[in-house]
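Here is a short report on one protein chain. It starts with the whole chain and then turns to single residues.

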Amino acid sequence: MTKFEEFEEVIARLRAPDGCPWDRAQTHMSLKKTCIEEAAEVICGINILDQTGDAENLKEELGDLLMQVVIHAQIAKEEGLFTMDDVIQSITDKMIRRHPHVFGSAGTPGTDGAQTDWDEIKRREKQGKEWTESYLPEAFEEAKELIETAKKRKGF
C-alpha cells in the first residue's frame, strides 16, 4: 500500500459512521473556508522557503491542502459522483494532452510553439463548457471574502 492509499483510508475512516463527528459533518460547501485558508497557508510556506530556505512549513501546509483534495474526493465518492482515481486520471490525461511537445511529437519543450499548443488545446477542451467561466467572478469574490474571514479568525 502506498502512503497516498494509506492517507485515503485515514480520510475514509474519519468519515465513517463511527469516525470523527466533525469530519463526518463536512460537505463540499462547508469545506470552502478551510480550502481557501489552506491554500493561503501553502503560499506562506512557499514564502518561508524562499526567504529562509526552511521547507518544513511548506511540507506541512502541502499536506493540509492535500487533505482538502482527498476529503472532497471522499465526499464525492460517498455521493456517487467520482472517486480519487477519477480525479487523478483526469489531471493525468489533461497534463499529457496539454504537453504534446513532451508526450507526443509536436513542438519542442520551451518553445513559443509549446505555449501556442497549450493555449489551443485548452481552448478546444473548453468548447461547450464556456458557461463555467461565468461562475468565476462570483467565486473570486467569495474567495476574497473567505480570505478576509480567515484573516480575522487568525487575528490579522
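## The chain as a whole

This is a predicted model. The chain holds 8 helices and 0 strands. Read from the N terminus, the order of elements is α-α-α-α-α-α-α-α.

How does the radius of gyration of the chain stand against that of a compact globule of 156 residues? The chain has 19 Å, whereas such a globule would be near 15 Å. Along the principal axes, the C-alpha trace spans about 50 × 40 × 40 Å.

Burial comes next. Of the 156 residues, 22% are buried.

Take the contacts between residues at least 6 apart in sequence: 52% of them join residues at least 24 apart.

Charge is the last item at this level. The chain carries 21 positive and 32 negative side chains. The centres of these two sets lie 3 Å apart.

Asp-23 sits in helix 2, residues 21-25. Lys-154 is in the segment that comes after helix 8 (136-153).

Is Asp-23 buried or exposed? Asp-23 counts as buried because its relative accessibility is 7%, and the cut-off for buried is under 20%. Lys-126 has a relative accessible area of 32%, so it is partly exposed. Asp-119 is at 42%, and therefore counts as partly exposed. Lys-154 is partly exposed too, because its relative accessibility is 46%. Partly exposed residues fall between the buried limit and the exposed limit of over 50%.

## Spacing in sequence and space

The table gives the separation along the chain and the C-alpha to C-alpha distance.

| Pair | Apart in sequence | C-alpha to C-alpha |
|---|---|---|
| Asp-23 and Val-102 | 79 residues | 40 Å |
| Lys-126 and Gly-80 | 46 residues | 25 Å |
| Asp-119 and Gly-155 | 36 residues | 41 Å |
| Lys-154 and Asp-93 | 61 residues | 38 Å |

## Who touches whom

Two of the residues have listed contacts. Both lists leave out neighbours up to four places away in sequence.

Which residues does Asp-23 contact? Asp-23 is in contact with Leu-14, Arg-15, Met-67 and Ile-71.

Lys-154 touches Glu-37 and Glu-41. With Glu-37, there is also a polar contact: the side chains of Lys-154 and Glu-37 meet at 3.5 Å. So Lys-154, partly exposed at 46% relative accessibility, has a polar side-chain partner in Glu-37.

## In brief

The predicted chain has 8 helices and 0 strands. Its radius of gyration is 19 Å. Lys-154 lies after helix 8 and touches Glu-37 and Glu-41.

Key. Residues are numbered from 1 along each chain as its sequence is written. This is a predicted model: local features need pLDDT of at least 70, side-chain atom pairs count only at pLDDT 80 or more; totals for chains, interfaces and linings use all residues. Side-chain values use heavy atoms; hydrogens and water are left out. Helices (H or I, at least four residues) and strands (E, at least two) are DSSP runs, numbered from the N terminus. Buried means under 20% relative accessible area, exposed over 50%, partly exposed in between (1.4 Å probe, protein chains only). Contact means heavy atoms within 4.5 Å. A polar contact is a pair of N or O atoms within 3.5 Å; within protein, one must be able to donate a hydrogen and the other to accept it, and residues adjacent in sequence count only if both atoms are side-chain atoms. The radius of gyration is taken over C-alpha atoms; the globule rule is 2.2 Å times the number of residues to the power 0.38. Lys and Arg count as positive and Asp and Glu as negative; His and the chain ends are not counted. The place of a charge is taken as NZ of Lys, CZ of Arg, CG of Asp or CD of Glu.
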